[in-house]
Amino acid sequence: MKITILQRDIEWANPAKNVKRADEAIDRNPGSDIYVLPEMFSTGFCTNPEGIAESDNSETLQWLIRKAAAIDAAIAGSVAIEKDGKFYNRFYFVKPDGSVTYYDKKHLFTYGGEHKRFTAGDRRVIVEFLGIRILLEICYDLRFPIWARNRGDYDMILYVASWPTPRISAWSALLVARAIENQCYVAGVNRVGSDPVCEYCGASVVIDPYGKIIASCNDREECEATATIDIDALEAFRKKFPVLNDADI
């Protein structure tokens with residue numbers, strides 16, 4: 001299976017422009033099975049979502065559904081959503097058949113005030129696509145390894161993020177750690193550019209179960225990178241070196 005990570009510079013609170021440019025980036029990189037966009041890719045990361053968050057049936061979601069069908073591939077990324085007066089940081093995984101799976105961010109970023117306006121999710125979400133089981137995670141979730149603990153129920157983690165430049169070393173180190181300790185592939189997709197609060201430098205990568213980076217984006221610029229997920233090699237590695245059988249949880 002091929003996965004393409006899409007490291008984007010996001011224009012603040014401009015869904016139409018951000019979706020158009022994401023559409024163009026996907027078209028520049030044909031042939032993958034999954035395309036992954038950053039956290040809140042349509043608006044930028046907002047902790048005061050009034051007037052910025054979209055409805056749970058927004059044009060952004062409709063674009064995800066149309067585009068996935070048109071290219072016969074899955075598309076994933078998070079969107080700030082308002083539903084019934086509550087706000088969610090919602091990670092959509094849209095398959096080409098039009099089916100939509102979503103994960104609402106569990107660990108809200110209290111340091112930045114996300115918890116004041118957003119409602120935390122309460123369920124761990126794994127979606128299966130082309131025979132590969134995929135755990136959906138968002139940004140700050142990366143700092144909580146128990147939440148991501150592999151219970152033998154997934155093969156890859158997707159992390160979408162708006163992870164600021166001053167803490168980028170933690171992002172890079174923890175992505176590798178999650179791959180090694182959970183004996184899985186990890187794709188981490190961060191944004192670049194700036195918003196009213198932070199600057200972002202990217203460092204988006206795909207990592208194999210040994211902790212080796214197998215695809216990466218250039219720092220501080222919009223970039224796409226593609227990697228192959230080899231499920232047969234993963235299963236052989238797990239059979240030869242069954243780390244997960246000895247896990248504490």
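Entry 1. In which strand does Tyr200 lie? I located Tyr200 in strand E12, residues 199-201. Strands (E, at least two residues) are taken as DSSP runs, numbered from the N terminus. I note that the model is predicted, that local features need pLDDT of at least 70 and side-chain atom pairs pLDDT 80 or more, and that totals for chains, interfaces and linings use all residues. Residue numbers start from 1 along each chain as its sequence is written, and side-chain values use heavy atoms, without hydrogens and water.

Entry 2. Beyond its neighbours within four places in sequence, Tyr200 has contacts (heavy atoms within 4.5 Å) with residues including Phe45, Trp163, Pro164, Arg191 and Asp195. The side chains of Tyr200 and Asp195 are joined by a polar contact of 2.5 Å, the term being a pair of N or O atoms within 3.5 Å, one able to donate a hydrogen and the other to accept it within protein; residues adjacent in sequence count only if both atoms are side-chain atoms. I also read a C-alpha separation of 8.5 Å between Tyr200 and Ile168, which are 32 residues apart along the chain.

Entry 3. I searched the whole structure for disulfides (cysteine sulfur atoms paired within 2.5 Å) and found 0. Cys139 is buried at 8% relative accessible area, and Cys201 is buried at 5%.

Definitions and conventions. Buried means under 20% relative accessible area, exposed over 50%, partly exposed in between (1.4 Å probe, protein chains only). Helices (H or I, at least four residues) and strands (E, at least two) are DSSP runs, numbered from the N terminus.
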